[in-house]
Amino acid sequence: MLMAAKNQVRVCALSIKHNIMREMLNQVTFFMNVTFMILNNASILIQWFILFRLREEIGGYTMREIMLLWGLTAASFGLSHILFARVYSLPELIVSGKLDSYLVQPKSVLLGVMTSSTDISAIGDLLYGVILLMVCGLGVRGFLFSLLFVVTGAVTLTAFALLLGSLAFWFVRVEMLSGQMVMGLVSFATYPDGIFRGISRFLLYFILPVGMVVYHPVHILVRFDGGMLLTVIGYACLLSLIAAAVFYRGLRRYTSSSLMEARM
């Protein structure tokens, strides 16, 4: 069992490496995509610098907390899209019958789907996020915790997208809902949670897992809380298990198409 799991991880790692190397064949395009993504993110952060020239805090956040918020969001989003970009187009694969080619592969169907594509511009998001976290003055211990939260954030974001995408096994037109929900999560994650009240705050903590992706991690980095740390890690693991279970449950309902497609 352990050897089989090790082989699955090795195959997936090779698949991710192949995806990245394939995207890097055109080095000019590769570096332009990464560079422009970093510049795009940096230009948006400038707006916050201007706002904080007018007010000392917004929603209980200072500029440092905003930088932590943006750093964790960008890095988590980037890591998820570098490793598991195909998850975000899962409904299209299901509806169009393009899962056929993954069913005949020796590796796990779910891992095969998740690691079959990469978004190369997301490297810019990851680099930008890590740089922001480095300049926030967290210290070595705090920076290591921030990297842990980048991983848990990426896992939670990926699992959320997988869970929504898997609904396409039961419902049509899920791709629009899935895309809007995921992008809504990312959009809300770039604003302080203190500006949200009532039902909107409830949605961000219990419907969209924004709280677990960035809000709780930012609070932990500002003031350490061991219980909250375990909650964030446990939530990422639990949501991943639920998303995987829903995917394989839906896979039983999957109807193959007549599309002939081979993957090397």
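Both α3 (63-84) and α9 (174-188) contribute at least two residues to the lining of the largest cavity, where helices are DSSP runs (H or I, at least four residues) numbered from the N terminus. This is a predicted model, in which local features need pLDDT of at least 70 and side-chain atom pairs count only at pLDDT 80 or more, while totals for chains, interfaces and linings use all residues. Residues are numbered from 1 along each chain as its sequence is written, and side-chain values use heavy atoms, with hydrogens and water left out.

A cavity is a set of points on a 1 Å grid over the protein atoms alone where a 1.4 Å probe fits but cannot get out, and its lining residues have an atom within 4 Å of a point. The count comes to 1 cavity of 30 Å³ or more, and the largest has a volume of about 40 Å³, volume being the space filled by probe spheres set on the points. Its lining consists of T73, S76, F77, L157, L185, V186, A189 and V213, and the largest share, 3 residues, comes from α3.

As for α3 itself, 19 of its 22 residues are buried, that is, under 20% relative accessible area, with exposed meaning over 50% and partly exposed in between (1.4 Å probe, protein chains only).

The search of the whole structure for disulfides (pairs of cysteine sulfur atoms within 2.5 Å) finds 0. Two cysteines are set out below.

| Cysteine | Relative accessible area | Class |
|---|---|---|
| C136 | 7% | buried |
| C237 | 47% | partly exposed |

Key
On a 1 Å grid over the protein atoms alone, a cavity is a set of points where a 1.4 Å probe fits but cannot get out, and a pocket is an open set with protein on both sides within 12 Å along at least five of seven lines; lining residues have an atom within 4 Å of a point.
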